[in-house]
Amino acid sequence: MREKKISNAEIARKLKVSPQYVSDVVNNHKNITLDVLSKFAEILSEPVVALFEGYNRNRCKPESQIICPFCSSVICLKNG
């Protein structure tokens, strides 16, 4: 959320929840429903998948990537 320059308080206001709830969610102290996750994404103008760790905004083509066997991260290969 720092990247979007939006505060927990502002998100809380838009979600109609407490800032503490937003903080707990962001810091993985609370589980949330898909509905709330979807609302978070909408507020941040991001796809839901972007809220998960490891999301690669600059995705490479499937034929140019491999998956790390240890952490399951996508690794983009460069030509040449």
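Colleague: In this predicted model, which residue forms a salt bridge with Glu-10?
Modeller: The model is predicted, so local features need pLDDT of at least 70 and side-chain atom pairs count only at pLDDT 80 or more, while totals for chains, interfaces and linings use all residues. Residues are numbered from 1 along each chain as its sequence is written, and side-chain values use heavy atoms, without hydrogens and water. A salt bridge here is a side-chain nitrogen of Lys or Arg within 4 Å of a carboxyl oxygen of Asp or Glu. With its closest N and O atoms 3.7 Å apart, the partner of Glu-10 is Lys-14.

Colleague: Where do Glu-10 and Lys-14 lie?
Modeller: They are four residues apart, about one turn of the helix. Helices are DSSP runs (H or I, at least four residues), numbered from the N terminus. Both residues lie in helix 1 (residues 8-15).

Colleague: What is the N to O distance in the salt bridge of Lys-39 and Asp-35?
Modeller: Lys-39 and Asp-35 are four residues apart in helix 3, so about one helical turn separates them. Lys-39 is partly exposed at 40%, and Asp-35 is partly exposed at 46%. Their side chains meet in a salt bridge with an N to O distance of 3.3 Å.

Colleague: How many salt bridges are there by this rule?
Modeller: One joins Glu-10 to Lys-14, and Lys-39 pairs with Asp-35. The count of salt bridges comes to two.

Definitions and conventions. Helices (H or I, at least four residues) and strands (E, at least two) are DSSP runs, numbered from the N terminus. Buried means under 20% relative accessible area, exposed over 50%, partly exposed in between (1.4 Å probe, protein chains only).
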